[in-house]
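Me: I have a structure open and some questions about it. Can we go through them one at a time?
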2 protein chains.
Amino acid sequence: MSVGPSKGRLSLLVLGVLMISPLTKAQEQQPLYLMPAAASVQIGTGRLVVDSKFSVGLTGYTEPRLNRAIERFLRQLSRQTAIPLATKPGATAKAVLVIHTDHTSKEIQEVGEDESYILEVTTAGARLSAPTPLGTLHGLQTFLQLVEVSPDGFAAPAVTINDKPRFPWRGLMIDSARHFVPLDVLKRNIDGLEAVKMNVFHWHLSENQGFRVESKKFPKLHEMGSDGLYYTQEEIHDLIEYARDRGIRVVPEFDVPGHSTAWFVGYPELASGPGPYEIERKWGVFDPAFDPTTEKTYKFLDQFFAEMAKLFPDHFFHVGGDEVNGKQWDANSKIQEFIKVHNLKNNAGLQSYFNKRLEPIVSKHGKSMVGWDEVLDPTLPKDIVIQSWRGPDSLAAAAKQGFRGILSNGYYLDLGWPAARHYAVDPLSGAAANLSQEEKARILGGESCMWAEYTNPENIDSRIWPRNAAIAERLWSPREVMDAAAMHTRMEALANRLEWLGLTHKSYHRQMLQRIAGPSTPEEFAALSTLSSVVEPVKDYTREETATAEPTSTTPLNRLVDAVPLESTSARHFGELVDKFIAVSCHDSAAGTRLRAQLTAWRDNDAKLQPLAQRSFLVKEVSATSQDLSALGTIGLAALDFVAKGQRAPDDWNAQQLAVIQQIQKPKGQLLLMPVSAIQKLVKAASTGGECSSTNLEQ
Amino acid sequence: MSVGPSKGRLSLLVLGVLMISPLTKAQEQQPLYLMPAAASVQIGTGRLVVDSKFSVGLTGYTEPRLNRAIERFLRQLSRQTAIPLATKPGATAKAVLVIHTDHTSKEIQEVGEDESYILEVTTAGARLSAPTPLGTLHGLQTFLQLVEVSPDGFAAPAVTINDKPRFPWRGLMIDSARHFVPLDVLKRNIDGLEAVKMNVFHWHLSENQGFRVESKKFPKLHEMGSDGLYYTQEEIHDLIEYARDRGIRVVPEFDVPGHSTAWFVGYPELASGPGPYEIERKWGVFDPAFDPTTEKTYKFLDQFFAEMAKLFPDHFFHVGGDEVNGKQWDANSKIQEFIKVHNLKNNAGLQSYFNKRLEPIVSKHGKSMVGWDEVLDPTLPKDIVIQSWRGPDSLAAAAKQGFRGILSNGYYLDLGWPAARHYAVDPLSGAAANLSQEEKARILGGESCMWAEYTNPENIDSRIWPRNAAIAERLWSPREVMDAAAMHTRMEALANRLEWLGLTHKSYHRQMLQRIAGPSTPEEFAALSTLSSVVEPVKDYTREETATAEPTSTTPLNRLVDAVPLESTSARHFGELVDKFIAVSCHDSAAGTRLRAQLTAWRDNDAKLQPLAQRSFLVKEVSATSQDLSALGTIGLAALDFVAKGQRAPDDWNAQQLAVIQQIQKPKGQLLLMPVSAIQKLVKAASTGGECSSTNLEQ
C-alpha cells in the first residue's frame with residue numbers, strides 16, 4: 001500500500017486549522033482539530049454520526065494488541081462523548097468503523113517501521129486501513145480527534161486522510177530520577193504520547209539524586225540509592241507492555257560516568273573519589289564519577305547492563321555520558337597517571353576511552369548505544385546514536401561522520417519556552433539543512449525532555465502538556481505545517497481532549513491555587529486566579545539563580561511559580577488583541593472595549609488580592625507581582641486613552657511609563673508578568689498618537 | 001477517659017465559624033473550618049507550624065491499623081501542604097504530634113462504640129488521645145482540617161478540642177446497582193466519609209437494573225444479572241478492609257422481595273410471574289417480585305444469605321423490602337389462594353408474612369435485619385432496624401414499638417435539595433422530639449442516600465459532595481450547631497479540602513462543560529460557564545416527568561443537567577447579595593455595584609453563547625435557558641435602576657416583569673434558573689421605591 005503525501009490534493013489544508021471549503025449547510029463549516037496535522041487531508045461532505053449504535057469491525061491481520069487497542073479506543077470514545085458503548089469489536093458487516101490491518105509489525109518495535117494509515121470517513125461509515133498495527137493505532141487516534149460535538153449529536157466529518165510520519169523517532173524523555181514519578185503518572189503521560197503519535201518513551205532512570213530501578217544483581221543500587229522510591233522489575237515490565245500496546249518504544253537511560261552519585265551510595269568502590277556517598281539532595285552538576293581506570297567498573301557495568309538489557313527489550317540502550325566535570329578525576333593521582341600512561345591527553349580523552357570500553361559491552365548484550373553529545377567520538381562504531389542537547393550543528397556534524405542522531409536541543413520542556421518557540425525548532429534546520437539526503441536520513445527525529453528539578457506528580461503533566469504536542473507535530477507532520485497561530489488553536493483543543501486520558505495538566509491548577517489561597521471568598525480567589533493567569537515562571541536556568549534559599553529535592557513545590565502553567569494562554573490572547581488593536585489603528589472598537597475591560601480588571605485586581613496576602617505566606621510572596629499587574633493595568637488604560645482620543649502622549653510621560661515597565665519586567669517571586677511586552681506596545685502606540693476618534697472606545 | 005461536652009467552655013463557638021476572640025496579632029484572627037463542628041472547642045494562643053520536621057509518635061495501644069492510619073495521615077498532610085514528609089511514625093520523644101490510644105476497639109466494628117477523642121494543639125506540639133482507635137481516626141481528620149496556610153507557613157491554631165458524636169450511626173448509602181460504581185470511585189468516597197466522620201457505608205447491591213455481587217453459590221446472579229459489571233468477592237473483601245481502616249462499617253443491602261428483576265434473569269423460578277426476565281433498563285417501580293408462597297424462595301435466600309453473611313462481617317444485614325407494587329402477586333392465582341388460605345388479608349399481609357419468614361434466616365446467620373419502612377411489623381423481633389425513607393413520624397412510631405431506626409427521609413442526595421435543607425432535617429425532630437429518652441436512644445442516627453438513576457463515575461462525586469457534609473455534621477455535631485450560613489462557609493472550605501482525597505466533585509465540571517462546548521473560544525466557554533453556574537437540575541422526581549424521551553440506564557449523561565452541581569453556589573451568593581442590598585435599603589453601594597456588574601454580565605451572556613449553540617446540540621438544548629438568563633439580567637438591571645434612583649416602579653411594569661419571571665421559572669432542558677427568586681425580590685423592591693439616591697449606585 002502506498003501512502004505517500006498525495007500531491008494535487010488539498011495539501012494546503014494541513015497548514016493550519018483545516019477549514020472546510022464551500023459547503024451548503026452552515027453547520028458543516030466546522031474546522032478539523034488534528035494534532036499532529038495529517039500529511040494529507042481531503043474534506044468530504046457531511047458527517048458520520050457517532051451514537052450508541054457505533055461499532056468497530058476488524059479484518060485482515062489481527063493480534064491481541066489490536067483487540068485491546070479497539071477496546072481502549074471504544075472506552076475513550078465513550079469517555080469523550082459519554083455515550084455508553086460496547087467495548088468489543090463486533091461483526092464486520094454491521095460495523096460503523098471497519099479496520100483493516102495488512103500484516104504484523106516487529107515483535108520488538110523497531111525504528112523506521114511503517115506507521116502509515118489511511119482513514120476514510122463518509123456519512124455512511126468509516127474505514128481505517130494500515131500496513132501494520134502501528135499505523136492502525138495512529139489511525140484510531142486520528143478518528144478520536146475527528147469526533148466532536150455537532151449540531152446533530154457527536155459526529156466525525158466526512159474526510160479522507162492519508163497519513164504517515166516525517167521522522168521515525170519521536171520521543172519524550174522523562175526524568176524520573178530527580179523527582180520520582182509514580183507509575184500511574186507515567187502511564188497517563190504515555191497515553192498522551194499515543195494521542196499525539198509519539199513513539200518513544202525515553203526513561204531517565206538514574207541520577208545523582210536517585211537510582212530508580214530494582215536490580216536483582218546489585219540490590220544496593222535501588223535499596224540504598226532511591227529512598228525507597230524505585231520501580232520494581234515487574235512494574236517496569238508492565239510499563240513496557242503498556243507502551244508497546246500504544247506503539248511506543250521504551251528506551252532506558254542509565255547515565256554514566258557522571259550524574260551517578262546514587263550508584264555510589266551502595267557501591268562506593270566504583271567511584272573515582274573516596275566515599276562514603278549519600279544521595280544528592282541539591283541540583284546541579286556534581287563531582288562523583290565512575291572510575292574509568294579500574295576493571296571493576298567494566299565488570300560491574302557488564303553484569304548490570306546484562307540484567308537491564310534483558311529487562312528492556314528495545315534495541316537502543318542509553319548510557320547518558322553528559323556533564324562530567326572531571327573534578328574527581330583531577331583529584332585522583334592514580335587516574336591522572338592512567339591518563340598519562342595510556343596517552344589519553346586529558347579528561348575528555350579519558351571519557352572517550354571509557355566510551356570505547358562501554359560500547360562493546362552494550363553491543364555484546366545486543367543493543368545499540370545511545371548517548372548525549374559528549375559520547376561522540378569518530379572512532380566509535382557507526383551503530384551508536386547521538387542525542388543532542390547541544391544543538392543542530394553538533395547533530396549535523398555527527399551525521400556527517402556517519403552517526404545517527406536525535407535532536408533534543410530546543411525541545412527542553414523544563415525551560416519554560418512558549419510552544420511556538422519549540423515548534424519553530426526543526427531537526428533538519430541549521431547545519432543539518434545542508435546535509436546530503438543520505439546524511440539527513442541519519443537524523444532520526446527528536447525527543448522532548450522533561451527534566452524534573454521542579455516537577456512532582458502534581459504539576460508534571462502541566463510541564464509536559466500541551467506544549468509537548470507542538471514538538472510531536474514538528475516531528476510527525478510535513479515540514480510545511482508551521483503556522484504558529486493555527487497550531488495554537490489546535491493545541492488548545494487538544495489540551496481539553498487530553499484530559500479524557502486522565503492527564504491533570506489543567507485540573508491541577510485550581511487545586512494548587514486553593515492550597516496557596518487557603519479558605520477564601522470567591523472574589524479573593526478570583527483575584528488570585530487572575531494574577532496566576534498572566535504570570536509564568538522564570539525561564540531557562542534562572543530559577544536557581546534567583547532562588548532566595550538553595551532549592552533541593554525536598555523543597556516543597558507549593559508556590560505560585562510551581563502552580564502556574566509554563567505558558568500563559570491569557571497573556572498570549574491579550575498580546576494578540578493588542579496587536580490587532582494597534583494594527584488597525586484602533587478602528588476595531590470591539591478590540592478596544594475588550595482591552596479596556598481586561599486592563600481595568602488588572603488595575604483593580606490587587607485590591608481584591610491583598611486580604612489574602614495578609615493571611616497566606618504563599619500569596620504574600622507574590623504581592624509585589626500583584627501590585628505590578630495593577631500598575632500595568634493603570635499604564636495600559638492611560639495609553640489606551642491617548643490612542644482612543646487620538647492624542648500623542650507627552651514624551652516625558654512615555655519615558656516614565658517605559659521606565660516603570662522596565663522595573664516590572666524584572667522577575668519577582670521567580671515569576672514573570674507576561675503582558676509586559678504588549679503594554680509596552682500600547683505605550684509606544686500612545687507616543688505616536690493615533691487616528692482614532694474617542695467615539696471608537698468610549699461608549 | 002471522660003470526653004463529654006465541657007460545659008462552661010466556649011461552647012457557643014461551635015455554632016458557626018469559630019472566630020478566635022480577642023487576640024493581639026492580626027494574623028491570628030483566622031477562623032476554624034471544622035466540619036463536622038466539634039462538640040467542644042477551646043481556642044488557645046498562637047499556632048503550631050507544620051513544616052518538613054513534622055513527625056508523629058504513637059504511644060499506648062497500637063495495632064497495624066493505627067500505623068496505616070498515621071501513614072495515610074502524613075501522606076494526606078503532605079498532599080495538602082506539598083511538604084515532603086516521612087510517612088512512618090517516629091520516636092515519641094521528638095514527635096510534634098503525639099498520639100495516645102487507650103485500648104482496642106471491637107474486631108468487627110459495632111454500633112455505639114466509643115468514638116471520642118481529645119486533641120490539644122499548642123505552639124510547641126500537639127497531643128491526640130482517644131479511648132479507642134476509632135476516636136484516634138476521627139482526631140487525625142480533625143487535625144488535618146486544622147492545618148491551613150498562614151502568614152508564616154502552614155500551621156494549626158492552638159486549640160483544645162473535646163469531641164464525640166451525637167449519633168452512633170452516620171452513614172451514606174450508594175446505589176451501585178442502577179449505574180455501576182467502580183471500586184476506585186467507591187474508595188475515594190469512603191475517604192470522603194472518613195473526612196467528615198461518617199461511620200457507615202451502606203452498599204445498595206441489587207436492583208431491577210443490576211445484581212452487582214459475585215455469588216459462588218448462585219453464579220447466574222452476577223453472570224446474567226450484571227452485564228459483567230459486578231464486584232468480585234475479593235474486591236468486596238478489599239473494600240471492607242479499606243473501610244474498616246477508616247472506622248467505617250459496610251452494611252450490604254440485597255433488596256427483596258421487590259426491586260429484584262436482575263435476580264430473576266438467572267433464576268426465573270423465584271419470581272411471582274412467568275419468565276423469562278431481562279435486566280431492566282428503565283427507571284421506576286417494576287412488577288417482578290419474589291414468590292413468597294414457595295419454599296424455593298426461602299431455601300434460595302437462606303443459602304445466598306449464608307454466603308453473603310460470611311462475606312460481609314458487619315452485624316447488620318439490609319434486606320430492602322421497599323416498593324413492592326403487588327402486580328405480580330395479584331396476577332398469580334396460586335399466590336392469591338395462599339393469601340386466602342393463610343388469612344393474610346392482602347398483599348401487605350403477604351409481605352409481612354415474607355418478612356417474618358425472612359427474619360429468622362437473617363438471624364440464623366448471626367445478623368440483625370435492616371429494612372426500609374415497609375418491613376415494620378409489630379410482631380417482628382425488636383432486634384431489627386427500620387431505615388425510614390417515609391419520614392420522622394414513621395421512625396418515631398417504630399421507636400415507640402421498641403424498634404431501632406435510622407433516618408433517611410430528608411437525606412436523599414439525588415433529589416437535588418440545597419445543603420441547608422438537608423441540614424435542617426434532624427432525626428429527633430417531629431414526632432421523635434416527643435419520645436422518651438429510652439425511645440430516643442433507639443433512633444441510632446441517619447443515612448444520606450445516593451440513588452443512581454442520573455449518576456455515573458463522572459458526576460457521582462458531585463452529587464454526593466459537598467452536600468453530604470451537611471448531613472454528616474447534623475449527625476455528628478451537637479444539636480445546637482445549626483446556623484446555615486456558618487455551615488456554608490465551612491462546607492465551601494471542606495469542598496476544596498476534599499479534592500486532596502481525589503474526589504472529583506469540583507474538577508469534573510469543567511471537563512463536562514468542555515465536552516458540551518466542543519472547541520470554543522475563551523469567551524464562548526466563559527459564557528457557557530456563566531450559564532452553568534446559575535442553573536440547577538430540576539428537583540425531586542421531576543426529571544422523569546419532564547423528559548422528552550424515556551431515560552434508561554444507557555442514556556448518555558452528557559447534558560448540562562448532568563454537568564452542573566445540584567446546588568449553585570453562585571446563585572446562593574447572588575441571593576445573599578440581593579438580601580443584603582434590600583435589607584439596608586440600598587445604602588450599601590458596594591453591594592449595588594456588585595449586583596449591577598453581575599446582572600450586566602448575565603444580560604450580555606446569551607449573545608456570547610449563541611455561536612456555540614449553533615455548533616453544539618448540547619448547547620442548543622439550553623439556548624432558551626440562556627435567553628432567560630439574559631432576560632433576568634435585563635429585568636434585574638431595570639429594577640436596580642428604580643431602586644437606585646429612589647423611584648417607585650409603575651404597577652403595570654411590575655406586573656409585567658413578574659409575569660415574565662413566572663414564565664422563566666418553568667424548567668427548560670430540565671434546568672432551573674436559580675437567581676429567579678432573588679430577581680423577584682429586586683422587582684418587588686422596585687415596586688415600593690426605596691430611600692436611596694442615585695449617587696449610591698451610579699459612579
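Me: Is A:Asp51 buried, partly exposed or exposed?
Reply: A:Asp51 counts as partly exposed, because its relative accessibility is 26%. Buried means under 20% relative accessible area, exposed over 50%, and partly exposed in between (1.4 Å probe, protein chains only). This is a predicted model, in which local features need pLDDT of at least 70 and side-chain atom pairs count only at pLDDT 80 or more, while totals for chains, interfaces and linings use all residues. Residues are numbered from 1 along each chain as its sequence is written, chains are lettered from A and ligands numbered from 1 in the order in which they are written, and side-chain values use heavy atoms, with hydrogens and water left out.

Me: What does A:Lys53 form with A:Asp51?
Reply: A salt bridge, with the closest N and O atoms 3.4 Å apart. The rule is a side-chain nitrogen of Lys or Arg within 4 Å of a carboxyl oxygen of Asp or Glu. A:Lys53 counts as exposed, at 61% relative accessibility.

Me: How many salt bridges over all chains?
Reply: The count comes to 82.

Me: Now chain B. Which parts does the pair B:Arg72 and B:Glu194 tie together?
Reply: Their side chains meet in a salt bridge at 2.8 Å, N to O. B:Arg72 lies in helix H1 and B:Glu194 in helix H3 of chain B, so the pair ties together parts 122 residues apart in sequence. Helices here are DSSP runs (H or I, at least four residues), and strands are runs of E (at least two), numbered from the N terminus.

Me: Are those two buried or exposed?
Reply: Both B:Arg72 and B:Glu194 are buried.

Me: Last one. Where does H22(B) bend?
Reply: At B:Leu609, by about 35°, and B:Pro611 follows within four residues. The bend is the angle between axes fitted to the seven residues ending there and the seven starting there.
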